[in-house]
Amino acid sequence: MGSVGSSNHLEFEKLPLEKGKKLHRYSVMNHSLYQSIGIIHWRGGWRQYVFQAFPKIDMSRGCHKQIDEFINKLMDARK
């Protein structure tokens, strides 16, 4: 689908809309290591986007901050 955002080490890619879903999911990739580290998706019960990390992925505080900033942009776009 193409990259929708990129920062120092992370790239956020919009995934194809799943059948029956209204909101897209986003792959989070460490583009310097070409490693997928997780998925950002909508959690309906919590009424917000959440990040689901894959097992055994090490992330710095900076990566967590970049993920939070991306989720904040998604939430702002929903307003």
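## The hairpin of β3 and β4

In this predicted model, Y34 adopts a positive phi near 55° within the hairpin of β3 and β4, a hairpin that has 4 residues between its strands. The two strands themselves, β3 covering residues 26–30 and β4 covering residues 35–43, run antiparallel to one another and are paired over 5 bridges. Within this pairing, S27 is the residue that stands opposite I39 of β4.

## The hairpin of β4 and β5

Strand β4 also pairs with β5, which spans residues 48–53, and here the sense is again antiparallel, with 6 bridges joining the two strands. R43 stands opposite Q48 of β5, while R47 takes a positive phi near 55° in the hairpin that connects β4 and β5 and that has 4 residues between the strands.

## G38 within strand β4

Which residues does G38 contact, once its neighbours within four places in sequence are left aside? They are Y26, S27 and V28, together with F51, Q52, A53 and F54. G38 itself lies in strand β4, the strand that pairs with β3 and with β5.

Is G38 buried or exposed? Its relative accessible area is 0%, and because buried means under 20%, G38 counts as buried. As a further point of reference, the C-alpha atom of G38 is separated by 8.7 Å from that of I57, a residue 19 positions away along the chain.

## The salt bridge

The structure holds 1 salt bridge, and it is formed by E18 and R25, whose closest N and O atoms are 3.1 Å apart. This separation falls within the 4 Å limit that is applied between a side-chain nitrogen of Lys or Arg and a carboxyl oxygen of Asp or Glu.

As to the setting of the two partners, E18 has a relative accessibility of 33% and therefore counts as partly exposed. R25, with a relative accessibility of 32%, is likewise classed as partly exposed.

How values were computed: Residues are numbered from 1 along each chain as its sequence is written. This is a predicted model: local features need pLDDT of at least 70, side-chain atom pairs count only at pLDDT 80 or more; totals for chains, interfaces and linings use all residues. Side-chain values use heavy atoms; hydrogens and water are left out. Two strands pair if DSSP finds at least two bridges between them. Buried means under 20% relative accessible area, exposed over 50%, partly exposed in between (1.4 Å probe, protein chains only). Contact means heavy atoms within 4.5 Å.
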